[in-house]
Amino acid sequence: MRGSFFSVGLLALVFLRGLWILPWRRLLHRSSPSLARQKKKSPIRTLVVLGSGGHTAEMISLLQEVDFQDYSPRCYIVANTDPLSAEKIQKVEQKKAKTTPFSVFYIPRSREVGQPWISSFFTFLRSIPLSWWAVFKHRPQLILCNGPGTCLPVCLAGVVLKFLGRRCTIVFVESVCRVRSLSLTGKLLYLLADEFLVQWDELHKRRRFSQYIGRL
């Protein structure tokens, strides 16, 4: 019970911080969906959240443009009820990068499709320990996500890393199906993400702190 109250209190603290944080760093200097244009002196420790289904397909499309030599080692966060996403990213890794290290980490899904909102709050709390363990173990310099609630506890752990003085840039890519309005996850991360990328210009005009990248 005390752990639950602590988690709720921490989430409230992060939310209050989000009220005054504005995206400030243009990490992906690009007009098309390519991370490869970013030039770095040393590889960036990267954590990627795979959100299953169409979210995973969009993320894989984005990763196809990435030079894995520049973003290494890579840790992929996958819901423990989504083995298909793990299989897909294994194939991408085998095709693109045979020498740079990567790992796959499974966490409980924050909310299943069709799950009632009341019970999803408790499953969200259940996913926090493993999510935070993955983040603090990997210590990513970049968190890349585009999906459902699975990425929320991961991004919150990234915010805590910032509080601790570690460099951690959070990049959220809104789904292509969001043309005029943000998803629930997008609304929650809009002011917490350092980079908030959208795939429709109409949505970009409605959210002035977003960055328009076109369709993946």
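**Figure 1. Buried residues of helix H5 in the predicted model.** Cys-151, Leu-152, Pro-153, Val-154, Cys-155, Leu-156, Ala-157, Gly-158, Val-159, Val-160, Leu-161 and Lys-162 are the buried residues of H5. The helix is mostly covered, with 12 of its 13 residues buried. H5 runs over residues 151–163 and reaches 19 Å from its first C-alpha to its last, close to the 18 Å expected at 1.5 Å a residue. Gly-165 follows H5 and has a positive phi, near 90°.

**Figure 2. Packing of helix H2 with helix H3.** Two packed helices are described by the angle between their axes and the distance between the axes. For H2 (residues 53–63) and H3 (residues 83–96), the angle is about 10° and the axes lie 10 Å apart. H2 is therefore roughly parallel to H3, since angles under 35 degrees count as such. On the H2 side, the contact is made by Gly-53, Thr-56, Ile-60 and Leu-63. On the H3 side, Ser-85, Lys-88, Ile-89, Val-92 and Lys-96 take part. By class, the contact of H2 with H3 has 4 nonpolar, 3 polar and 2 charged residues.

**Figure 3. Buried residues of H2 and the elements that cover them.** Thr-56, Glu-58, Met-59, Ile-60, Leu-62 and Leu-63 are the buried residues of H2. Their cover includes E1, E2, H3, E4 and strand E5 (169–173). Thr-56, Ile-60 and Leu-63 are among the buried residues, and they also belong to the H2 side of the contact with H3.

**Figure 4. Ser-52, in the loop between strand E1 and H2.** Strand E1 covers residues 46–50, and Ser-52 lies in the loop between this strand and H2. Ser-52 has a positive phi of about 80°, although it is not a glycine. Most residues other than glycine have a negative phi. The relative accessibility of Ser-52 is 17%, so it counts as buried, the cut-off being under 20%.

**Figure 5. Arg-139, in the loop between helix H4 and strand E4.** H4 covers residues 117–138 and E4 covers residues 142–145, with Arg-139 in the loop between them. Arg-139 is not a glycine, yet its phi is positive, at about 50°. Its relative accessible area is 39%, so Arg-139 is partly exposed.

**Figure 6. The cis peptide bond from Ser-72 to Pro-73.** Omega is near -5° for this bond. Most peptide bonds are trans. Pro-73 is placed in the loop between H2 and strand E2 (74–79). E2 is also one of the elements covering the buried residues of H2.

Note on methods
Residues numbered from 1 in each chain as written. Predicted model: local features only at pLDDT ≥ 70, side-chain atom pairs only at ≥ 80, totals over all residues. Heavy atoms only, no water. Axes fitted to C-alpha atoms, helices over the stretch in contact; angles between N-to-C directions. Helix = DSSP H or I, 4+ residues; strand = E, 2+ residues; numbered from the N terminus. Parallel < 35°, antiparallel > 145°, perpendicular 65-115°, else oblique. Contact = heavy atoms within 4.5 Å. Nonpolar A, V, L, I, M, F, W, Y, C, P; charged D, E, K, R; others polar. Buried < 20%, exposed > 50% of the residue type's maximum accessible area, 1.4 Å probe, protein only. Expected span 1.5 Å × (residues − 1).
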